[in-house]
Amino acid sequence: MKRYALEQLVAWSRKENGRRKPLILTGARQVGKTWLMRELARAAGMKEAYVNLMDTPVAIRAFEGTLNVQDILVALSAACGTEITPGDTLIILDEIQESERVLNALKFLRENAPQYHIVAAGSLLGVAIRKRRMSFPVGQVEFFKLHPLGFCEFLEAIGQERLARVLSERNMPLIDTLSEVYERYLRQYLCVGGMPEAVAVYAPSGDFSAARAAHRNILDSYEADFSKYTEASNILRIRAVWQSLPRQLAAENQKFTYNRVAKGARGREYDAAIDWLHTCGLVHKVRRISKPSLPLKAYLDESAFKLYMLDCGLMCTMAGLDPATVLEGDGLFSEFKGALTEQYVLQTLKLRDDLPLGYWANTTGAAEVDFVVQHAGQNIPLEVKSGTNLKSKSLAAYRAKFNQRLAVRTSLAHFGEVDGLRSIPLYAMEQICTYLAARP
């Protein structure tokens, strides 16, 4: 399975000693962090010294007491059965949230052993730091956030490398010509999603039931984490918020509403649960903006927000949406009120961590623009349409109110631009920044 992130990690591995900091991969459980770290060793032509701190307490003990580089290396070598030599060995520390001592030793190793390549991962690192009030080697490590596979990675995984390449090359006339083909595969992606386990079992035979079984395993593991990694008083609230997400997204007004979690629920009772899910990477929180000024983050309304799930495939399974509804006819466009399409667009935008975004709604809630994206010194409204009905009073109201010249609509329509309204097909959304920069 090809992951585009691998190229960036290989570039990290080739930095000069002293400029290369230990690298920490973050992201939700089961997005492929462990696989990617081990694949990095192969791609960079290095030996792998893999240690899972959850399963190897002897490795943790090597960091206790007075730190000594040689003692640490000997212990890690013994734990993984690999001789660790500088320059040609990738030290992989998995589940690093299990030890605050190991986490903070990354600063020591960077300063005293810069010739070694060290990469670590911790799915619940943020939760562990908050819960245990762990200290952290600020400024001494690099971070890389891993997400589920995007649509182009999905295409490559199922053997459609040429289609993925056409999208990456931004060949707009050819993309428009192949629109029906892309739409068919996009429907498959909406059902399967980008969780590596689900894609891996789906790719060989196109078996949606196998992908659904993988989704259920992942969802069960997340529910188990609720009990394992949080206080008992918060478990039921986390589970209630999590299970309410399909209802929240399917509602006509998609603003998160506490009453959809439980009757009479209040923010002060459930905000900690939402924060836990967000810190784990299981949900994306998109806040309403008060006005589209720069920087966008300065105008986010903390009291009004939407919650999206990590992955559209998980969302389909959790909502009990039959794959046939998405794959056949107009089910994609009539069922779930466009929530699935909006979920897809959001997780595609999140593939880039450098895009601040929010959403806009007027004071009455009668008009709403799905996303407002800050890019290249301007805030750009983005309307999501799941079909080919492109009428949008809300987007027109936004553009008139804020004198907005450039706006984007993503749908199943072809590329185009009329009066500053730029059309980008849903299946081409991974290249949105390039399309935004292009002159009409």
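Colleague: What is the volume of the largest cavity?
Modeller: About 50 Å³. That volume is the space filled by probe spheres set on the grid points, with points joined across faces, edges and corners. Bear in mind that this is a predicted model: local features need pLDDT of at least 70, side-chain atom pairs count only at pLDDT 80 or more, and totals for chains, interfaces and linings use all residues. Residues are numbered from 1 along each chain as its sequence is written, and side-chain values use heavy atoms, with hydrogens and water left out.

Colleague: What makes a set of points a cavity?
Modeller: The search runs on a 1 Å grid over the protein atoms alone, and a cavity is a set of points where a 1.4 Å probe fits but cannot get out. Searching the whole structure gives 6 cavities of 30 Å³ or more.

Colleague: Which residues line the largest cavity?
Modeller: Arg20, Lys21, Pro22, Leu109, Arg110, Ala113, Pro114, Tyr116 and Ile118. A lining residue has an atom within 4 Å of a point. By class, the lining has 6 nonpolar, no polar and 3 charged residues. Here Ala, Val, Leu, Ile, Met, Phe, Trp, Tyr, Cys and Pro count as nonpolar, Asp, Glu, Lys and Arg as charged, and the others, Gly among them, as polar.

Colleague: What makes H8 and H10 roughly perpendicular?
Modeller: The axes of H8 (residues 161-168) and H10 cross at roughly 110°, coming within 12 Å. H8 and H10 are therefore roughly perpendicular to each other. Leu163, Val166 and Leu167 of H8 touch Val181, Tyr182 and Tyr185 of H10. This contact has 6 nonpolar, no polar and no charged residues.

Colleague: How many aromatic pairs are there?
Modeller: 16 across the whole structure. Rings of Phe, Tyr and Trp (its six-membered ring) pair if their centres lie within 6.5 Å.

Colleague: Why is the pair of phenylalanine 154 and tyrosine 202 called stacked?
Modeller: The planes are at 20° and the centres 6.2 Å apart, so the pair is stacked. Stacked means planes under 30 degrees apart. Phenylalanine 154 sits in H7 (residues 151-157) and tyrosine 202 in H11 (residues 196-202), 48 residues apart.

Colleague: Where is proline 295?
Modeller: In the loop between strand E6 (283-289) and strand E7 (300-309). The peptide bond from leucine 294 to proline 295 is cis, with omega near -10°.

Technical notes:
1 Å grid on protein atoms, 1.4 Å probe; cavity = no way out; pocket = protein on both sides within 12 Å on 5 of 7 lines; lining within 4 Å. Axes fitted to C-alpha atoms, helices over the stretch in contact; angles between N-to-C directions. Helix = DSSP H or I, 4+ residues; strand = E, 2+ residues; numbered from the N terminus. Parallel < 35°, antiparallel > 145°, perpendicular 65-115°, else oblique. Contact = heavy atoms within 4.5 Å. Phe/Tyr/Trp six-rings, centres within 6.5 Å; stacked < 30°, edge-to-face > 60°.
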